[in-house]
Amino acid sequence: MLVKDAMTKDPVVCMATTPLRDVVALFRKHHIGGLPVMEGKELVGMVTESDLISLLRTERISDDLWLPSPFEIIEVPIREFINWEKTKEALTNIGDMPVKKVMTHRVITATEEMTVEAAAALMLREGISRLPVLKEKKIAGIITRADIINAVGATYAGEGETGA
């Protein structure tokens, strides 16, 4: 089976200047975990849930605590409070950030004429969950792991029905 037969046509996309709060809204509305990022009609990146989660990193509590002294017993909750405050500040500030600041710029793509098996192998090799599908340098669709599973399942379901 070819990618063009399994892909989602006319995928949801966002522009490089789209604020992250709008990207999150698109993820929720369409029940997806990643979007192609466009500048005009050109694919310039991908943004995924992992990209957004990476913005929430805070510093870890020190691993060098030995036997806690009374000061350390007070210090640990204070450090946790400071980490929480940093996380809240990050959450407040990232909503207005344009997606181009967090997107993955190196986009791995598929073509419509690739086999589904080749697309699956590419995803596994690159450690990614979705591939924008290009046709003549324009985005024609997107293929995800779920699309591949559905395509393979449909193929096996079709084979099983002929023997009964």
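**Sheet and salt bridges**

Four strands build an open sheet of mixed pairing, in the order S1-S7-S6-S5. Its edges are strand S1 (8-9) and strand S5 (110-111), each of which pairs on one side only. The model is predicted. Strands S6 (residues 130-135) and S7 (residues 138-144) run antiparallel and are joined by six bridges. Within this pair, Arg130 lies opposite Thr144 of S7. Helix H5 (residues 116-126) packs on the sheet and touches S6 and S7. The direction of H5 makes about 130° with that of S6.

Side chains of opposite charge can pair when their charged atoms come close. Four salt bridges were found in a search of the whole structure. One of them joins Lys4 to Glu113, with the closest N and O atoms 3.2 Å apart. Lys4 belongs to helix H1 (residues 3-6), while Glu113 sits in the loop between S5 and H5, 109 residues apart. Lys4 is partly exposed, at 31% relative accessible area.

Another salt bridge pairs Asp96 with Arg21, at 2.3 Å between the closest N and O atoms. Here the loop between helix H4 (70-94) and S5, which holds Asp96, is linked to helix H2 (residues 20-30), which holds Arg21. The two residues are 75 residues apart. Asp96 counts as exposed because its relative accessibility, 57%, is over 50%. Arg21 is partly exposed at 44%.

Lys135 and Glu112 also meet in a salt bridge, 4.0 Å from N to O. Lys135 lies in strand S6 and Glu112 in the loop between S5 and H5, 23 residues apart. Lys135 is partly exposed at 46% relative accessibility. Glu112 is buried, with a relative accessible area of 14%.

Conventions
Residues are numbered from 1 along each chain as its sequence is written. This is a predicted model: local features need pLDDT of at least 70, side-chain atom pairs count only at pLDDT 80 or more; totals for chains, interfaces and linings use all residues. Side-chain values use heavy atoms; hydrogens and water are left out. Two strands pair if DSSP finds at least two bridges between them. Contact means heavy atoms within 4.5 Å. Axes are lines fitted to C-alpha atoms, for helices over the stretch in contact, and angles run from 0 to 180 degrees between N-to-C directions. A salt bridge is a side-chain nitrogen of Lys or Arg within 4 Å of a carboxyl oxygen of Asp or Glu. Buried means under 20% relative accessible area, exposed over 50%, partly exposed in between (1.4 Å probe, protein chains only).
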